[in-house]
Amino acid sequence: MTDLTRLDYASIRKGLTSKAFTTKEVVQSYINKMDSTRPLNCYITECADKALKDAAASDDRIQNNEARPLEGLPLAIKDNYCTKGILTTNGSKILSNFIPPYESTITHRLKGAGAIALGKTNLDEFAMGSSTITSYYDPTINPWKKEGSDRDLTPGGSSGGSSASVAARSSLIALGSDTGGSIRQPASFCGVVGLKPTYGLCSRFGIIAFASSLDQAGPITRTVRDSAIVLKQMAGHDPHDFTSVKYPVPDYEAALTGNIKGLKVGIPKEYRMEGLDFEVSEWWEKTSQWLSEAGAEIIDVSLPHTRYALPVYYIVAPAEASSNLARYDGVRYGYRAEGAESIEGIYEMTRTQGFGDEVKRRILLGTYVLSAGKYEDYYLRAQRVRQKVTDDFTEVFKSVDVLLTPTTPTTAFELGENTADPLAMYMQDLFTVATNLAGIPGISVPVTTSREGLPIGMQLIGPRFGEEVILRTADVIERIAGFKLKEEF
């Protein structure tokens with residue numbers, strides 16, 4: 001039998017329908033792969049026994065012609081999605097004993113559609129990072145390596161465990177969350193597809209908050225088609241989330257027509273900036289040529305406030321984080337420090353011991369920019385510039401349908417390479433943060449490998465609720481590029 005972990009979900013769906021194999025065989029193949037790839041540290045919590053029970057129930061449904069839209073889909077869940085009765089740590093010591101009494105809307109929808117949870121994946125603590133190195137549960141390792149080197153590379157972050165699990169075939173599809181690039185950047189580093197939907201398209205209910213005006217749920221997959229299939233089940237209004245938008249959910253898979261004739265593709269000049277790797281720039285140009293040859297019109301455009309997006313993000317995001325993380329005080333749930341002699345002592349000791357350095361750094365920065373005397377100088381000014389960044393996108397989408405940019409300025413770097421320099425780590429979000437500030441969709445699709453044998457991803461950015469156009473364009477790039485994961489890592 002074909003190794004079932006090499007099939008995309010579109011192929012598995014056909015095989016299950018034709019009874020060429022069973023859900024239990026599919027899930028068991030992924031459990032085997034989870035065992036063999038455990039040194040990569042993709043998962044914090046594995047749910048093999050429960051997954052096999054769910055697979056048996058799935059097979060019964062298929063036998064009775066009651067298959068659901070995602071029947072038998074092996075799913076990995078980033079460990080900042082609350083899962084009822086299953087440990088949910090957010091990569092932090094402070095939630096190392098937290099078992100939610102409720103389910104996030106997204107995981108509830110996907111499980112209800114037939115997806116089978118394999119486990120909870122590793123991430124940067126509270127989704128704060130670009131390398132998965134800040135996790136309390138140790139770093140995740142990228143399955144890719146530079147040619148001729150055995151040194152471990154970062155999978156990116158914060159959804160590093162999710163992206164690495166998809167690349168290493170220990171999950172078929174994984175959930176991520178994207179606050180400033182945390183789906184797209186690790187997808188690029190690991191040679192997989194990462195989609196950040198429009199803000200409000202997918203519910204945030206039950207996703208542990210980092211920065212509430214920026215966070216968005218999204219899938220990490222091996223193909224664009226799989227992203228389209230899963231997004232249809234994820235999207236839609238949720239009354240539990242006040243930021244959720246009432247918007248009709250289209251058939252995203254049907255949008256993959258392969259036809260982009262007449263499509264107007266913008267190339268933002270501001271993304272040609274210092275620090276952009278030569279090979280990444282070279283493939284950016286080549287990808288634009290592919291689109292032109294496929295019938296698209298390539299247009300140079302300007303997003304003049306792009307250069308301010310990163311500093312704005314690192315004011316707004318920490319400010320919201322400092323507010324959101326105030327609830328972790330050792331009183332109601334989660335880790336509580338021992339030995340405190342007062343309520344103030346519980347707060348201080350719990351937060352000192354429970355949070356890692358990067359989380360503390362962002363709380364301190366956020367608290368500072370919200371403090372009296374600094375609020376207007378930093379936070380309010382950042383919000384005004386954020387609106388300028390958003391206005392740039394609104395204006396440019398009057399003349400183009402989609403934007404093409406690199407996903408990241410470089411390929412994956414060595415594990416721990418930028419740890420001592422937070423600013424260098426923050427620069428990894430250079431090409432992704434603006435879409436979060438504007439609340440618009442973006443997708444990273446792998447196009448090739450570098451001369452050192454590492455994946456290079458390109459990013460497509462669309463207007464608000466432009467998922468169909470970026471998925472259709474990404475599908476065309478995917479077909480032309482013919483990018484393939486290695487048979488074995």
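**Ground rules.** I am working with a predicted model, where local features need pLDDT of at least 70, side-chain atom pairs count only at pLDDT 80 or more, and totals for chains, interfaces and linings use all residues. Residues are numbered from 1 along each chain as its sequence is written, and side-chain values use heavy atoms, with hydrogens and water left out.

**Pocket.** I noted the meaning of the word: on a 1 Å grid over the protein atoms alone, a pocket is an open set of points with protein on both sides within 12 Å along at least five of seven lines, while a cavity is a set where a 1.4 Å probe fits but cannot get out; lining residues have an atom within 4 Å of a point. A volume is the space filled by probe spheres set on the points, which are joined across faces, edges and corners.

**Cavity.** I found one cavity of 30 Å³ or more, and the largest cavity holds about 60 Å³ of space. Its lining has 13 residues, of which A127, G129, S182, Y313 and D429 come closest to the centre. Five of the lining residues are nonpolar, six polar and two charged.

**Helix pair.** Next I looked at α7 (residues 224–234) and α15 (residues 467–481), whose axes come within 9 Å and cross at roughly 155°. Axes are lines fitted to C-alpha atoms, for helices over the stretch in contact, and angles run from 0 to 180 degrees between N-to-C directions. The two helices are therefore roughly antiparallel (an angle over 145 degrees). On the α7 side, V224, R225, S227, A228 and L231 make the contact (heavy atoms within 4.5 Å).

**Sheet.** I traced an open sheet of eleven strands with mixed pairing; two strands pair if DSSP finds at least two bridges between them. Its edge strands are β1 (43–46) and β8 (297–301). Inside the order, β5 (residues 193–196) pairs with β10 (residues 442–449) in the antiparallel sense over three bridges, and L195 has I443 as its bridge partner.

How values were computed
Nonpolar A, V, L, I, M, F, W, Y, C, P; charged D, E, K, R; others polar. Helix = DSSP H or I, 4+ residues; strand = E, 2+ residues; numbered from the N terminus. Parallel < 35°, antiparallel > 145°, perpendicular 65-115°, else oblique.
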